[in-house]
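Subject: Structure handover

Hello,

Here is the structure I promised to pass on. Please open it alongside the notes below.

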Amino acid sequence: MSYKVTEEGNVATVHLDGEIDMDVTEKAKEVIFPHIDAGKEVHLNLSNVQYMDSSGISVLIESHQKALEKNTKVIIKEVSKSVLKVIMMAKLEQILNLE
Amino acid sequence: MSELAHTNHTEKKDFLVRSSSLKDVRSFCREVFEKLHIDQSLKDELVLAIAEAAQNIVKHAYKDSPDTEDKMVVQISCKENKLQIGFYDMGTPVDPGKVKHREIDNVKPGGLGTFFIQQIMDAVEFKDGKKPWINHLVLTKQL
């Protein structure tokens with residue numbers, strides 16, 4: 001997994017790239033969580049993520065819940081068809097902020 | 001699905017029980033399903049189910065041995081349109097009665113892997129592991 005972060009005002013946009021599985025979830029959290037902890041709105045761009053397993057879904061849930069605690073939000077953007085299918089299988093499409 | 005999916009086909013491969021092996025498990029499955037000409041949508045689902053089962057071995061059967069040199073075996077068989085995926089490991093014995101996913105409406109991190117496997121596959125069965133194996137999991141899907 002590789003990533004790129006851009007910041008503009010109170011919004012941090014995190015572009016993840018590659019496959020998100022158990023092997024990279026700690027790395028993903030290290031990239032995403034500090035922005036949430038800083039109270040930023042995080043835009044998580046998943047356009048280049050073609051595979052995500054339950055560990056990746058856990059990162060999305062944890063990020064979402066952490067953001068609620070910090071009175072901010074995580075918006076998941078440009079989800080690929082294959083990842084959307086997994087999100088829907090987990091019945092999270094109404095819980096997570098998807099755009 | 002091509003005619004090949006109707007013929008008998010078996011392949012197996014071993015992998016170090018590590019989270020870093022999961023991408024190799026996925027690559028192996030994709031290659032086999034490519035040969036079987038399984039359509040993309042089903043292939044994605046099957047790869048997810050298999051990777052989740054392999055992840056469970058790393059995460060649970062070897063919870064206390066993260067640096068193990070043990071290997072797990074994944075075997076994919078297709079016979080008469082029935083796909084059977086076997087997993088063999090030498091980790092802590094699994095109590096099938098304790099393998100359950102979290103309540104899907106209770107949104108929290110974790111506990112989804114087994115749910116995905118059950119959603120995707122027709123049958124999930126723990127069999128007695130024959131020596132040297134401790135655990136033998138079999139996932140089945142009618143094609």
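Which residue takes a positive phi in the hairpin of β1(A) and β2(A)? Gly9(A) does, with a phi near 60 degrees. Two residues lie between the strands of that hairpin. Please keep in mind that this is a predicted model.

Chain A, strand by strand:

- β1(A) covers residues 2-8, and β2(A) covers residues 11-20. The two run antiparallel and are joined by seven bridges.
- Tyr3(A) has Leu16(A) in β2(A) as its bridge partner.
- β2(A) also pairs with β3(A), residues 41-52. This pairing is parallel, over nine bridges.
- Gly18(A) has Val49(A) in β3(A) as its bridge partner.
- Between β2(A) and β3(A), the chain passes through helix α1(A), residues 25-37. This β-α-β crossover is right-handed.

Now chain B, as a whole:

- Chain B has three helices and five strands. Along the sequence, their order is β-α-α-β-β-α-β-β.
- The C-alpha atoms of chain B fill a box of roughly 45 × 40 × 25 Å along the principal axes.
- The radius of gyration of chain B is 15 Å. A compact globule of 143 residues would have a value near 15 Å, so chain B agrees with that expectation.
- Of the 143 residues in chain B, 33% are buried.
- Take the contacts in chain B between residues at least 6 apart in sequence: 67% of them join residues at least 24 apart.

Best wishes

Key. Residues are numbered from 1 along each chain as its sequence is written. Chains are lettered from A and ligands numbered from 1 in the order in which they are written. This is a predicted model: local features need pLDDT of at least 70, side-chain atom pairs count only at pLDDT 80 or more; totals for chains, interfaces and linings use all residues. Helices (H or I, at least four residues) and strands (E, at least two) are DSSP runs, numbered from the N terminus. The radius of gyration is taken over C-alpha atoms; the globule rule is 2.2 Å times the number of residues to the power 0.38. A residue is buried if 20 or more other C-beta atoms lie within 10 Å of its own, exposed if 12 or fewer, and partly exposed in between; C-beta atoms are placed from the backbone. Two residues are in contact if their C-beta atoms, placed from the backbone, lie within 7 Å. Two strands pair if DSSP finds at least two bridges between them. A crossover is right-handed if, with the strands pointing away from the viewer, the path from the first strand over the helix to the second runs clockwise.
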